[in-house]
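Here are some exercises to work through with the model open beside you. Try each task before you read its solution.

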Amino acid sequence: MLAQIEKEHYSKLHEILQLSRRNLKNFDESLIQRAFFMCYRAHEGEKRASGEPFFYHPVEVATILLNELPLDGVSVAAALLHDVIEDSGYTYEDLVAELGVEVADIVEGLTKISGIVINRETTQAEGFRKMLLSMVKDIRVILIKFCDRLHNMRTLDSLPEHRRLKIALETRDIYAPLAHRFGLGKMKVEFENLALKYIDPEMYEFLSQKVRLSRAERVTYLNKMINPITADLEKQGFKVEVQGRAKHLFSIYNKMRSKNKTFEDIHDLYGIRVIVDTERIADCFAVYGFITQKYPPVPLHFKDYISIPKHNGYQSLHSAIIGPKGNLIELQIRTRRMHEFAELGVAAHWRYKEKISKDDANINSFLRWARELIKDADSAAEFMEGFKLNLYHDEIYVFTPKGDMKTLPAGATPIDFAYSIHTEIGHGCIGAKVNGKIVRLNAQLKSGDRVEIITSKAQKPKSDWLKIVVTQRAKLKIRSAINEERRIQIEKGRGMWEKMVSGTKRLFSDNDIIRQVKRYGIRTPADFFSALANQQINGEEVIERVTNTRKDGEAAPKSFTEEARQVEDYLHKARKEQEEEGISDRKREDVVIAGMSNIAYSYAKCCQPVPGDDVIGFVTADGVVKIHRKNCANVSNENLLKSERIVSVSWNRKVDTDFLAGIRIVGEDRIGITNQLTAVISKFDTNIRSISLHARDGMFVGTLMIYVRNAEKLGTLMDKLKKVQGVFTVERLIS
């Protein structure tokens, strides 16, 4: 194989192996070699936009990974192959056979999140959702993606201007803050500076020149502080490294824009970082004390991120001191270990633990953040709002009466705090004491506040709360509670109405009711039943009015509205498309039965299994295997499960069939509900076999039969349908 590779390319393999030996603790050298050769074969003959061989790109991504985020040998192999499944003939199975499941899974995760489009909101949101899903499965996926993006940013000049701007904006708005979320301080700075280069090239060049011209002056000035500080601390017995640093370009740019200042007006361009070779946290505070004896501190600038780390695990003492000539100097003090975590974030865990533990508090914080964001996502717009909110918000640290700390976004209210403790405490919140004083529920909390929530069992969430809370969790829980309360009220009111009209011999249509209660602002049967349950309207009076005003021989209103006819037209079109595409309920070799092939099988209509479901086979009298979901009532009987007619079934990984699945939807029958449901479905890129909606007394029950690829896609669609206003439940259909 080596003879087939050009000498220049072989030198790149040598470089990667040298970096691996220097920066990784334990790794399989042959794994990296095999990945390198596969990478070369996969991209041989391909060119990048710059004209250089495409093969150089994955090699550079692996090199960046080893220099910036040294993880493990598996990550290096995956970085080399991150474009292979997408851009070559190699498959997931090929990677498993050659390099193992661990490498293949990471590469597959990277393939799924490629090709994110920034100018189409839905596509972008779906792309970032996939990114978070991949991150939940293996954090190395997103770390390698960062290295891929960094190399793309470093080589952006060869692309057309409109593409450069698109990628730069995406890097500034998403990748930089996401890198910050992972504690990757060094990478975040480079993302921001490179993005500025293409977003505002004139300002980038102006600031670069200013900083470059002032470098000699800055170094001279800082050395006048660094040298005596180092000498003084070493006399006190501390072993330290004192670094001078300048504000990075994007930070200067932001400060000039936000405060409308010129470059000359920015006086805190200088900074000093003291890295203490110690494991004792107390030494950091002692060093701070010695430094501030000589250089006066600015109290308002003091922040203790050691005792209370940032959400990404960052620890350091921050302050500002007055240097020679009255200049404001930013000061950071941290241990060597804290410094490594500040630069490498999540990746630093590999250096200390070789692999990330599931019990690691910081890692669990990342994963919990990702899972909650995926779960809470609604429309594309709301997903991106939640995504960016979690990335960009400043934080405050608030305490319970017992001293437990809660991290909340800036602007959080007592209601947000209540829901962060427990859903029921949030639901029952009627007031709060902040630092011993009663405050309003819309009061904004501050770091250090001690908050006590006052609750009542009679309290229920109010729709007005949605206007003041800022956390996604609080918004989700409040909406859910309001919807459930409305459903209960509608059911209660419907029961009351049925009891009232049971003694009459007349049939009261929805139109009869609405005609008499319009003057009360009631527009739908559901509104009427809710008002009835809340005693806002007199049901007996409505019955009397309907009886007195209905004309003899007046026909009852038709059960299908114009909206229902639109749905039928929509379904007719969907069925026609299915027939043209030849979609059927039956495909061959979608499953493996008892480890054998060529066995006749069919899918049970009672539970409609799809790939991703846990399934089981039942051999019928005519020798055909009926495939059921394991939780199907027809096969869940204990005696039946022990029967010899039960066989094991697993899904074929390569299955690309569309499967029929059923969904049952229950909700409030209100104007526009069917159009909203079909709008969600039509955007989901799925084929519909049938929809039936039956409405009665302000409620509807719908049955939806659709074709989907797997249980994950079906679950995503169900989650989206649950978010439609007025929908109460969405469940898999089991007949």
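**Exercise 1: a charged pair in a helix**

K145 is buried, with a relative accessible area of 9%; buried means under 20% relative accessible area, exposed over 50%, and partly exposed in between (1.4 Å probe, protein chains only). A word on the source: this is a predicted model, in which local features need pLDDT of at least 70, side-chain atom pairs count only at pLDDT 80 or more, and totals for chains, interfaces and linings use all residues. Residues are numbered from 1 along each chain as its sequence is written, and side-chain values use heavy atoms, with hydrogens and water left out.

Task: find which side chain meets K145 in a salt bridge, and where the two sit in helix α9.

Solution:
- Step 1. The partner is D148, at 3.5 Å from N to O. A salt bridge here is a side-chain nitrogen of Lys or Arg within 4 Å of a carboxyl oxygen of Asp or Glu.
- Step 2. D148 and K145 are 3 residues apart in α9, so about one helical turn separates them. Helices (H or I, at least four residues) and strands (E, at least two) are DSSP runs, numbered from the N terminus.
- Step 3. D148 also counts as buried, at 8% relative accessibility.

**Exercise 2: the helix around the pair**

Task: check the span of α9 (residues 140-154), then state how many of its residues are buried.

Solution:
- Step 1. The expected span is 1.5 Å times one less than the number of residues.
- Step 2. For the 15 residues of α9 this gives 21 Å, and the end C-alpha atoms are 21 Å apart, which agrees.
- Step 3. Of the 15 residues, 13 are buried, so α9 is mostly covered.

**Exercise 3: a covered strand**

Task: describe the surroundings of strand β2 (residues 270-276) and name the strands that pair with β2.

Solution:
- Step 1. In β2, 7 of 7 residues are buried.
- Step 2. Both faces are covered: Y270, I272, V274 and V276 lie on one side, and G271, R273 and I275 on the other.
- Step 3. Strand β1 (residues 240-246) runs antiparallel to β2, joined by 7 bridges; two strands pair if DSSP finds at least two bridges between them. V242 has V274 of β2 as its bridge partner.
- Step 4. Strand β5 (residues 328-335) pairs with β2 in the parallel sense over 7 bridges, and T335 of β5 is the bridge partner of V276.
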